[in-house]
Amino acid sequence: MSVQPKTIAQAKDQAAQLRREMAEQGQPMGQGKALEQVAKRHGFHDWNTMSATLGKAAVAVGDRVSGRFMGQPFAGEVREMSELRPGWVQLSLHLDEAVDVVTSDAFSNLRKRIRGVVGPKGQSVEKTSDGQPHLQLDNW
């Protein structure tokens, strides 16, 4: 059995993988059936039940989190959180240690409190110049 998904996006990724595997075996499967199969594999009655359960945020106020902000690793605590729309939350994080968000050797910009919006995969839409999300949570 595959690892229990924590988010709807992870469950959908598992359904896509199942469809690929079935197609390779010459047994094509529709997306709806694949979603239902993934839900049943993880002990849910159906996809609607699973998606409603997974639709809740993976973290809550007071939880410890880690990840990367502007390319720098961090660990800290969720201080504020609000749902913007299903799967997307705005977070305020208080970091254990300040991170330098500037890559220049000429100056620094240390941040100990950060705010950001993350989606179903625990990352922001905004990206750095090298294509990495501004904010990426490890334990999403």
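This is a predicted model: local features need pLDDT of at least 70, side-chain atom pairs count only at pLDDT 80 or more; totals for chains, interfaces and linings use all residues.
View 1. Strand S2 covers residues 72-85 and strand S3 residues 88-100; the two run antiparallel and are joined by 8 bridges. Strands (E, at least two residues) and helices (H or I, at least four) are DSSP runs, numbered from the N terminus, and two strands pair if DSSP finds at least two bridges between them.

**View 2. The S2-S3 hairpin turn.** S2 and S3 form a hairpin that leaves 2 residues between the strands. Gly-87, in the turn, has a positive phi of about 90°.

**View 3. Pairing of S3 with S4.** Strand S4 (residues 110-118) runs antiparallel to S3, with 8 bridges between them. Leu-91 has Gly-116 of S4 as its bridge partner.

**View 4. Packing of helices H1 and H2.** H1 (residues 8-24) packs on H2 (residues 31-41) at an angle of about 115°, and their axes are 9 Å apart. Axes are lines fitted to C-alpha atoms, for helices over the stretch in contact, and angles run from 0 to 180 degrees between N-to-C directions. H1 is therefore roughly perpendicular to H2 (65 to 115 degrees).

**View 5. Residues of the H1-H2 contact.** Contact (heavy atoms within 4.5 Å) involves Ala-11, Lys-12, Gln-14, Ala-15, Leu-18 and Arg-19 of H1, and Gln-31, Ala-34, Leu-35, Gln-37, Val-38 and Arg-41 of H2.

**Notes.** Residues are numbered from 1 along each chain as its sequence is written. Local features need pLDDT of at least 70, side-chain atom pairs count only at pLDDT 80 or more, and totals for chains, interfaces and linings use all residues, while side-chain values use heavy atoms, without hydrogens and water.

Key: Angles under 35 degrees count as roughly parallel, over 145 as roughly antiparallel, 65 to 115 as roughly perpendicular and the rest as oblique.
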